[in-house]
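Please look over the structure before reading the points below.

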Amino acid sequence: MRLLHRYEFKTNHEDWFKSVKPSLSSNISARVLAALNTTNENVKTCYTVRTQMRAAMSNLLKEDGILVIPTTPDPPLMLKSKRTSCDELENRAFILLSIAGMSGCCQATIPLGKHDGCPISLSFIASYGGDRFLLGTLLDLYSSLQKHASIISDMQPLSDSEGDMETAELFKEKGNAAFKRKQWNKAVNFYTEAIKINGESATFYSNRAAAYLELGCFQQAEADCNQAILLDKKNVKAYLRRGTARENLLSYKEAAQDFRHALVLEPQNKAALQAEKRLKKKVTG
C-alpha cells in the first residue's frame with residue numbers, strides 16, 4: 001500500500017509540486033520527497049497483490065459478512081511511550097489499516113472509551129461496495145457495544161488465578177462443543193488443555209473420559225475416571241463412565257460395582273439400572 005501511495009502521488013501531483021513548491025513541515029516534506037523519488041519497479045506486482053486482496057476479502061466476507069478487528073495492533077500505552085517513534089507507530093498501525101485500503105473494502109471504526117487515558121476503538125470491515133450494509137449494521141449495534149464497553153471498563157481486573165480458571169472453563173466449553181460435533185480427538189485435546197491449567201476439576205477428567213470412551217481408549221477413560229472420583233467421590237458420571245470402560249475391558253465385577261455405586265448416588269439412574277441388569281448376566285454366566 002505504501003508503494004502504491006507513493007507511485008500514485010508522484011503520477012498525479014509531481015508536476016504541481018515542482019511548479020508550486022508548497023511550504024510543508026519537515027515530516028510531510030520527507031514523505032513527499034520519498035514519493036517523488038520512487039521508481040516504477042514492482043508497481044505491477046503491487047497492483048496484482050491489490051487485485052488478489054480484493055478477491056480474497058470478497059470471498060471471505062461475501063455480501064453479509066463483517067470482519068471485526070482492533071483498529072490498531074498496539075495497546076494504548078505504546079502511544080505514550082517515548083521510546084516508540086511516530087513513524088514506527090504508523091508503520092505498525094498500517095498492518096491493520098491497510099486491509100481495507102488495499103482491498104477496497106469499506107471500514108468504520110467505533111470508539112469504545114479510553115484505557116489509561118488513551119482512546120481505544122474497534123473496526124468493522126465489509127466487502128467492497130457494502131457501505132450501506134455496514135453502516136446499517138453498526139447503527140443497530142452501536143448502543144449495545146457502548147453498553148458492554150461501559151460494563152467492562154467498570155469491572156475490576158481479574159487476578160491471575162481467576163483468569164486461569166476462566167481460560168480453563170473456556171477450553172472445557174470448546175471441548176463440549178467438539179464432543180457434540182462428534183470430533184472426539186479435538187474434544188480430548190481441549191479437555192487436556194483445561195486440565196493443564198486446572199488439574200483439580202473432576203468435571204474436566206470426567207468429560208475427557210467420555211471422549212476417550214467414544215474413541216475406544218478404555219484404559220485412558222478408566223484412568224481419567226479414577227482421577228475424577230478421587231477429586232469428587234459423588235461424581236455419578238465418572239462412576240458410569242468408569243463402569244463402561246471396565247465393562248469393555250472385560251472387568252465385569254469392577255464395572256458392576258461402579259454402576260451400583262452410581263445407583264447409590266442416583267437410585268433412579270436409568271443407565272446404571274440397565275447396566276446393572278446387563279452385567280448380572282455376564283457375571284453369573
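Helix α10 covers residues 236-248, and its 13 residues should span 18 Å at 1.5 Å a residue; the end C-alpha atoms are 19 Å apart, which agrees. The model is predicted.

**Helix α10**
- Ten of the 13 residues of α10 are buried, so the helix is largely enclosed by the rest of the structure.
- The buried residues include Val-236, Tyr-239, Leu-240 and Ala-245, and among them are also Arg-241, Arg-242, Arg-246 and Glu-247.
- Just after α10, Leu-250 has a positive phi of about 70°.

**Aromatic pairs**
- Two aromatic pairs are present in the structure.
- One of them joins Tyr-7 and Tyr-47 edge-to-face, with 6.4 Å from centre to centre and 80° between the planes.
- Tyr-7 belongs to helix α1 (residues 2-20) and Tyr-47 to helix α3 (residues 43-61), so this pair ties together parts 40 residues apart in sequence.
- Tyr-7 counts as partly exposed at 21% relative accessibility, and Tyr-47 counts as partly exposed at 27%.
- Phe-179 and Trp-184 have ring centres 5.0 Å apart and planes at 65°, so their pair is edge-to-face.
- Phe-179 is partly exposed, with a relative accessible area of 24%, whereas Trp-184 counts as buried at 19% relative accessibility, the cut-off for buried being under 20%.

**Charge over a ring**
- Arg-54 lies over the face of Tyr-128, at 4.1 Å from the ring centre.

Technical notes:
Residues are numbered from 1 along each chain as its sequence is written. This is a predicted model: local features need pLDDT of at least 70, side-chain atom pairs count only at pLDDT 80 or more; totals for chains, interfaces and linings use all residues. Side-chain values use heavy atoms; hydrogens and water are left out. Helices (H or I, at least four residues) and strands (E, at least two) are DSSP runs, numbered from the N terminus. The expected span of a helix is 1.5 Å times one less than its number of residues. Buried means under 20% relative accessible area, exposed over 50%, partly exposed in between (1.4 Å probe, protein chains only). Rings of Phe, Tyr and Trp (its six-membered ring) pair if their centres lie within 6.5 Å; planes under 30 degrees apart count as stacked, over 60 as edge-to-face and the rest as tilted. A charge sits over a ring if NZ of Lys or CZ of Arg is within 6 Å of the ring centre and within 35 degrees of the ring normal.
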